Amino acid sequence: MNASSWVPLGASLISLWFAVLLFRQYAGRKRLYQLWWAISMLSYACASFGEFYALAYGWSPSMYKFYYFNAVSLVAIMAAGEMYMLFKSKIGHVYLVIMIALMATLAALLVTAVPDPSVIGHHDAAIGGNALPKGSVIRSVFPPILSGVGGLILIFGPLWSWWKSRFSGNLFIAAGAVLLSVVGRLAVLGVPEWLPLGELIGIAVIFYGVFGWSRLKKS
C-alpha cells in the first residue's frame, strides 16, 4: 500500500465525521444550508476515498468516474449551502436547480466516457482529470462551472458573512475554500500531486471554521 494513500483516507474520514455532525444539526434545526453542507461533505468523503483506494490498490474506470464526479461536484454542492445561508430560499432554489441539472449532465457524460488506460494504470500519485481527453467537455467545461463558480461562492460568501457578523470562523471557511480551489485547479491543469494533502488541510480548516472556532469562543 502506498504510504501517501493515508492522506486522502484522513481527508475522507474527517469529511465523513463533518457530514455526520452537519446532518445532526439539520435534524434539529431543519436549515437547508446545513443539509447541503452535509451532502457536500459526503461527496467530499467519496472523492477522497476514491483517491485513497486508487493510491492503495490502483484505479479502475468505474472508480475513476466515481471519484471524478464527486471531485468536480462537491464544491458546487457546498456552495448551494452557502447560497441558502446568504440569500432567500428562492435564490437558493434557482442555484440548486441549475447545479443539479449540470451534475446530471456530467454524470450522463461520464457513463460513456473512457478514461485513458495509460493514465489510470499509474496509482503512485493522484491524477486529477488527466485520464480524460484534453479539451473534452467533461474536463474543460464542467470543472470551471461547478468547481470554479462554486469556489468563488465559497470564498466570497464567508467573507461577506464575516464582514456583517465579524465571526472569525468565516475567515477559516474562506481560507479552506481558497486552498481547495487552488489545489483543485492545479489538478485540472495537470498538476495533481498536491491534491490529496491540499484537500486534507483544506477540509480540516473549514471544519475548524464551522465547529472549532464556535466552541473556542464559547469556552
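Let's start at Tyr208, which lies in helix 9. A helix here is a DSSP run of H or I with at least four residues, a strand is a run of E with at least two, and both are numbered from the N terminus. Tyr208 is partly exposed, because its relative accessible area is 31%. The cut-offs are these: buried is under 20% relative accessible area, exposed is over 50%, and partly exposed is in between, with a 1.4 Å probe and protein chains only. Now look across to Ile173. Tyr208 and Ile173 are 35 residues apart along the chain, and their C-alpha atoms are separated by 8.0 Å.

A word on the model. It is predicted, so local features need pLDDT of at least 70 and side-chain atom pairs count only at pLDDT 80 or more, while totals for chains, interfaces and linings use all residues. Residues are numbered from 1 along each chain as its sequence is written, and side-chain values use heavy atoms, with hydrogens and water left out.

Next, the record. Which residues does UniProt list for "transmembrane region"? The unreviewed entry gives 6-23, 35-60, 66-87, 94-114, 141-163, 170-188 and 194-213. Those positions follow the numbering used here, feature names are shortened, and annotations may be inferred rather than shown by experiment. Take two of these spans. Residues 6-23 are 100% helix and 0% strand, with the end C-alpha atoms 26 Å apart. Residues 94-114 are 90% helix and 0% strand, and there the end C-alpha atoms lie 32 Å apart.

Now the inside. Which residues touch the most other members of the largest nonpolar core? They are Phe18, Tyr64, Tyr68 and Met99, in a core of 57 residues. A nonpolar core is a set of buried Ala, Val, Leu, Ile, Met, Phe, Trp, Tyr and Cys residues joined through side-chain atoms within 4.5 Å. Several elements give two or more residues to this core, among them helix 2 (32-57), helix 4 (89-112) and helix 5 (117-120). Helix 3 gives the most, with 14 residues.

Stay with Tyr68. Setting aside neighbours within four places in sequence, Tyr68 is in contact with Leu106, Leu110, Gly128, Gly129, Leu132, Ile138, Arg139 and Pro143. Contact means heavy atoms within 4.5 Å.

Leu16, Val20, Phe23 and Leu42 make a nonpolar patch of about 300 Å². Patches use residues with over 30% relative accessible area and no salt bridge; nonpolar side chains (Val, Leu, Ile, Met, Phe, Trp, Tyr) are joined within 5 Å, and like charges within 9 Å. A salt bridge is a side-chain nitrogen of Lys or Arg within 4 Å of a carboxyl oxygen of Asp or Glu. Areas come from the Shrake-Rupley method with a 1.4 Å probe, and for residues only the protein chains shown count as cover. Which helix gives the most to the patch? Helix 1 (residues 6-29) does, with 3 residues. Leu16 is found in helix 1. Leu16 counts as partly exposed because its relative accessibility is 40%.

Lys30 is found between helix 1 and helix 2. Lys30 is not a glycine, yet it has a positive phi of about 60°. Lys30 is exposed, since its relative accessible area is 55%.

Is Asn170 buried or exposed? Asn170 has 8% relative accessibility, so it counts as buried. This residue is found in helix 8. Not counting residues up to four places away in sequence, Asn170 touches Pro158, Ser161, Trp162 and Ser165. Leu159 has its place in helix 7. Leu159 is partly exposed, at 34% relative accessibility. Leu159 touches Leu171 and Ala174, again not counting residues up to four places away. Leu159 and Ala175 are 16 residues apart along the chain, and their C-alpha atoms are separated by 9.5 Å.

Two last stops. Ile100 lies in helix 4. At 43% relative accessibility, Ile100 counts as partly exposed. Ile100 and Arg185 are 85 residues apart in sequence and 21 Å apart in space, C-alpha to C-alpha. Then comes Asn130, in the loop between helix 5 and helix 6 (137-140). Asn130 is partly exposed, at 23% relative accessibility. From Asn130 to Met63 is 67 residues in sequence and 14 Å in space, C-alpha to C-alpha.
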